[in-house]
Amino acid sequence: MMSAEAKTRGDPPDSSELAPTALHREIEEFLYREAWILDNDKLEQWLDLFSENVRYWAPVRRSLPRGRESFHDAYLTPHFDDNKAGLSLRVARSRTGLAHAEEGTRQRRFVTNILILEVEGDFVRVSSNFQVFKSRQDEQWFVGTREDRIRRKPGGGWSIEERMIVLDHGVIGSITTYI
Amino acid sequence: MSVRARVDSAGEKPSQLEREYGVLVDASDSTVSPRVFSDPGLYKLEGERVFGRCWLYVGHETQVAAPNSFITAYMGEEGVIVTRGRSGKVRVFLNSCRHRGMRLCRLDYGVALKFQCPYHGWTFSNEGKLVAIPEFESGYHKNIEADKWGLIEVPRVESYRGLIFACYDEGAVSLADYLGEAKWYLDLCFNRTAAGMKPLPGVAKTKWPGNWKFGAEQLGGDNSHAIWAHSFLVKLGMVQEFGGGDAWTRDFQVKCTNGHGFILLNEDPTHIPPALQKFREQIKREAATRLDPTQQDLVDVVHVGTVFPNFSFIEFMGSMFIRTWHPRGTDNTEMWTWLMTEGDAPPEVTALQRDLTTRNFGPAGIVESDDSEMWSGCSETSGGFLRKQIPLNYSMSHSYGKTDPHRPGLIHRTPTEIAAFGFHEFWYSLMQRE
């Protein structure tokens, strides 16, 4: 585990304190599989990866002096901030075939820099970077990082309890929320 | 259809613009040329004749409430700093050093007594005064008049109900006069309580590849797109939540003078979350002390509108946002959207409004995403060699507008396009005026 000092500083975990390789491999597989599910439009399967109490959200970015930007200001404007019902509504909308911004787009996700930040019982905090490519006639890239809190389910497998998506764009195009 | 010249009945000659482009906005049949959205020459002229003359929204009073606070914003394509200096007055300066024009401030907001240019260190106070140049003695031999090299100030700054507007035109009419008939409709949202509306922290900055006017005209005068562009709402059974009110009095659009336009739609209160319904009752009680009887009846409806040229807002079933459309070329628009809440709303109401607005109209808004798709798609064709020669149809209920002694402006029940066309009519009048 991280030293309390390192945690406060916001440092990544010391290499001597790395979580066991098997756990890392499992989490990596889980995230890659999620990306594959989304790339292949299996939205209902994707919904099942999330806890019933999930918070799935992305704060807007602010250009402030270094170190001053916080994502936890009360009522901070988000790009999106959904619970499970919100995610389900988005999937239902996609399934109508009438989500004009999405219909006919090809999407590809790249998940990298997977780092286990903290392990506490059945809960794991994971950081991963992403790029999502979205194209129809135009091409759009979305870049950022995610901080996930995932829980090992009693019967095996993982459930995403919270995902904070930090997009790096100052001005953003027509985003997909399936990140 | 070929370009044609028109001489009106008073015998006045066509304007220079009309001689060059033909009739771009034709009031005789409510049509608009696609060139309005795509022509680079018109875009450049628009920067001067529309953005250079009209009142432009730059920020909210609550964002620069603290002494020496500032926000950065845009007026058309020019970046500006909106700051409340030590005099307590809000002033607007171009965000550009007087030396070589370098962008002075790259932050979204903050508190600053001075702005120092990163290029050569020229330093300006937050009242625009040049207070330091590093080479004042060694290089300039003390021979430079600081008074002549202060920040370029935008001459007119005025507020309406907490909304700060600025204008490049020193001789422009007052903001209140410019808003004119629009004030009555803006008050339904922005003057119904003493605390007023205020923006939440952060601003959602998004972009779409199309001309800004497609967005501005829609929020000022298009309700009929809703069940088509957002047809997924129909499929998911969500559309009966609005509309269906008494036409003309609770489902109508308004064309105001100076290009402003508003849409009001009846709401089904059973679809409003209970916490918000309760708060709305409080709002209505307060509104009764501030608004006239006709206005009071229109407080709990959907409110959508555009203040010409590029400030819009939507209050829809609990969602509330304000927005500016920033032109970034003929076919690129940067949209700045602020989520809003009532100034004295309890935390659970603010949280709820943030939630609703984000879901519907945020950068990934389930309603918003479809709209920018349409605006981009219309822009895409507007520059085509053949397409640009053939006018766009804005004729829905052309000539059927009515006036009402209790409500300003020209009114038509939904659906209509009189306000969308009114937007372009005013645009054209400004463009023709040299």
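**Helices, strands and the chain contact**

Modeller: The axes of helix α9 (residues 274–287) and helix α11 (residues 347–361), both of chain B, come within 9 Å and cross at roughly 115 degrees. Axes are lines fitted to C-alpha atoms, for helices over the stretch in contact, with angles from 0 to 180 degrees between N-to-C directions. Helices (H or I, at least four residues) and strands (E, at least two) are DSSP runs numbered from the N terminus. This is a predicted model, in which local features need pLDDT of at least 70, side-chain atom pairs count only at pLDDT 80 or more, and totals for chains, interfaces and linings use all residues. Residues are numbered from 1 along each chain as its sequence is written, and chains are lettered from A and ligands numbered from 1 in the order in which they are written.

Colleague: Which residues of α9(B) and α11(B) make the contact?

Modeller: Residues are in contact if their C-beta atoms, placed from the backbone, lie within 7 Å. From α11(B) come E348(B), V349(B) and L352(B), and from α9(B) come A275(B), L276(B) and F279(B).

Colleague: Which residues of α5(B) are buried?

Modeller: A residue is buried if 20 or more other C-beta atoms, placed from the backbone, lie within 10 Å of its own. Helix α5 (residues 182–190) of chain B has 8 of its 9 residues buried, so it is largely enclosed by the rest of the structure. They are A182(B), K183(B), W184(B), Y185(B), L186(B), L188(B), C189(B) and F190(B).

Colleague: Which element supplies the largest share of the side of chain A that touches chain B?

Modeller: The contact takes 31 residues from chain A and 32 from chain B. On the chain A side, β2 (78–82) and α4 (84–95) each supply at least two residues. The largest share, 5 residues, comes from α4(A).

Colleague: Over which residues of chain B does pLDDT stay under 50?

Modeller: pLDDT is the predictor's confidence in each residue, from 0 to 100. Chain B averages 93, with 96% of the residues scoring at least 70. Where pLDDT is low, the predicted coordinates should not be read in detail. The stretch under 50 is residues 1–9.

Notes
Two residues are in contact if their C-beta atoms, placed from the backbone, lie within 7 Å. A residue is buried if 20 or more other C-beta atoms lie within 10 Å of its own, exposed if 12 or fewer, and partly exposed in between; C-beta atoms are placed from the backbone.
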